[in-house]
Amino acid sequence: MKATKNLKVHAALIILVTLLMPAGLLAASEGNSPDQMALREIMQQLGRDMQEITDSISKEDWDSVAEIAPRIADHAQPPLGEKMRILAWLGNNAGTFRSLDKEVHNTAMEMREAATQADGQDVIAAFAELQQACLACHQDFRKSFRDRFYE
Ligand code: HEC
């Protein structure tokens with residue numbers, strides 16, 4: 001009887017600790033496992049943020065655009081170890097990779113600026129540029145990234 005009770009308490013504690021664990025920590029530990037790079041989770045978050053922006057643009061909810069844009073501009077970074085692996089893999093292409101990420105930062109901040117002025121045209125223009133930066137990096141690097149880190 002006592003053993004069962006202890007087991008239950010133990011299980012409850014594990015669940016509690018898992019629930020209380022900050023999301024960032026969980027993401028970081030996932031990133032360190034061999035089958036999942038942290039970059040993927042970061043990308044998935046970018047995808048969700050872009051979807052939210054599209055939704056907010058349709059509603060002309062500029063406050064919401066202004067709030068989400070900096071999350072895209074200053075998205076999370078992979079943990080140091082993964083960064084080193086990615087940089088080593090990029091080699092001479094690291095400059096291109098970085099400048100496309102910088103482009104994401106700059107255009108997302110332009111979009112935020114336009115949103116704070118409720119300038120729908122400029123928000124959409126910046127959004128288009130932002131998506132071009134996403135696309136450019138995917139066309140240049142996505143396939144080779146997967147070949148290198150997942151296959
Ligand atoms: C500097 C390069 C770079 C930029 C800029 C970039 N990505 Fe990515 N993205 C990647 C790479 C590399 C992958 C492949 C990762 C993988 O398969 O694990 C990827 C994959 C993705 C995926 C697929 C994730 C999955 O589960 O397969 C999504 C969604 C995504 N990116 C969204 C975005 C969005 C939205 C932007 C722009 C706001 C963006 N990315 C900008 C490099 C980039």
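Biologist: How many nonpolar, polar and charged residues does the shell around the ligand have, by class?

Modeller: In this predicted model, the shell around the ligand has 15 nonpolar, three polar and four charged residues. Cys134 and Cys137 are among the residues that come nearest to the ligand, and they are called nonpolar because Cys is counted in that class, while Gly47, also among the nearest, is called polar because Gly is counted with the polar residues.

Biologist: Why are Val123, Ala126, Phe127 and Leu130 called the buried residues of α7?

Modeller: A residue is called buried if 20 or more other C-beta atoms lie within 10 Å of its own, and Val123, Ala126, Phe127 and Leu130 are the residues of α7 that are buried, so each of them meets that cut-off. These buried residues of α7 pack against α3, α4 (62-73) and α6. Across the protein, buried residues make up 13% of the 151 residues.

Biologist: Where does α7 bend, and by about how much?

Modeller: The bend is at phenylalanine 141 and comes to about 45°, an angle taken between axes fitted to the seven residues ending there and the seven starting there.

Conventions
Residues numbered from 1 in each chain as written. Predicted model: local features only at pLDDT ≥ 70, side-chain atom pairs only at ≥ 80, totals over all residues. Buried ≥ 20, exposed ≤ 12 C-beta atoms within 10 Å, placed from the backbone. Near = placed C-beta within 6 Å. Helix = DSSP H or I, 4+ residues; strand = E, 2+ residues; numbered from the N terminus. Contact = placed C-beta atoms within 7 Å.
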